[in-house]
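Work through the exercises below with the sequence and coordinates open. Each task is followed by a stepwise solution.

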Amino acid sequence: MTLRSSTMTLPALPERAGDRPETGPEVPHLQFTQTSPPRIREELRRWMAARLPHIITGRSEISAPSSWAVFLDGVAPAEGARLLPPRGDAEFAHLHTDGSLHLALDPADHAAFLASGWGERHPLSHLGINVVMLYAPRDEAELVVAKKVIGASYRYATGHEPAATAAV
């Protein structure tokens with residue numbers, strides 16, 4: 001199924017339980033509390049590599065050197081999609097060592113995403129950068145939600161569904 005980037009791509013999310021984690025107010029924008037256990041972080045990495053077709057993985061072009069990023073490979077971004085700087089057409093998400101992610105979402109999805117409590121605006125969003133932070137999943141239930149948000153980022157970036165999205 002091909003989607004237009006001008007349609008909402010984010011499914012309804014449950015409200016995130018607990019207090020908001022402590023994050024940094026500037027770049028690099030990191031999460032300091034409520035981080036992901038290594039097992040959850042690795043499962044998320046494996047899922048992204050296996051379920052997001054037409055990507056390559058590697059070091060982020062914009063984040064800390066320890067960040068693991070996903071880039072479009074052999075496909076152009078969906079019409080109107082604004083991905084992560086510096087290129088704006090390849091890297092659409094990266095995973096930090098704390099388990100949080102930065103990703104591009106359809107601007108039409110930002111309000112619902114932020115209202116759900118699963119993340120926050122990037123400190124440079126006021127400059128027109130289309131990046132939000134998805135808080136680190138703390139357990140299996142939160143990992144399911146993280147996959148939904150990453151799937152929405154992929155749909156926004158490519159106009160296509162992730163592979164086997166039902167298999168979370």
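This is a predicted model: local features need pLDDT of at least 70, side-chain atom pairs count only at pLDDT 80 or more; totals for chains, interfaces and linings use all residues.

**Exercise 1: a second pair**

Task: decide whether Glu161 and Arg155 are each buried or partly exposed.

Solution. 
1. The N to O distance in the salt bridge between Glu161 and Arg155 is 3.3 Å, and the cut-off is 4 Å.
2. Glu161 stands at 30% relative accessibility and is therefore partly exposed.
3. Arg155 stands at 10%, so Arg155 is buried.

**Exercise 2: a link across the chain**

Task: state where the partners Glu61 and Arg87 sit in the chain.

Solution. 
1. Their closest N and O atoms are 2.7 Å apart, which makes the pair a salt bridge.
2. Glu61 is in the loop between strand 1 (55-59) and strand 2 (68-72).
3. Arg87 is in the loop between strand 2 and strand 3 (91-95). The pair is 26 residues apart and links distant parts of the chain.
4. Glu61 is partly exposed, at 37% relative accessibility.

**Exercise 3: the largest pocket**

Task: describe the lining of the largest pocket by class.

Solution. 
1. The pocket has a volume of about 210 Å³.
2. Its lining has 15 residues, with Val27, Ile62, Ser63, His94 and His122 nearest the centre.
3. Nine lining residues are nonpolar, six are polar and none is charged.

How values were computed
Residues are numbered from 1 along each chain as its sequence is written. Side-chain values use heavy atoms; hydrogens and water are left out. On a 1 Å grid over the protein atoms alone, a cavity is a set of points where a 1.4 Å probe fits but cannot get out, and a pocket is an open set with protein on both sides within 12 Å along at least five of seven lines; lining residues have an atom within 4 Å of a point. Grid points are joined across faces, edges and corners, and a volume is the space filled by probe spheres set on the points. Ala, Val, Leu, Ile, Met, Phe, Trp, Tyr, Cys and Pro count as nonpolar, Asp, Glu, Lys and Arg as charged, and the others, Gly among them, as polar. A salt bridge is a side-chain nitrogen of Lys or Arg within 4 Å of a carboxyl oxygen of Asp or Glu. Helices (H or I, at least four residues) and strands (E, at least two) are DSSP runs, numbered from the N terminus. Buried means under 20% relative accessible area, exposed over 50%, partly exposed in between (1.4 Å probe, protein chains only).
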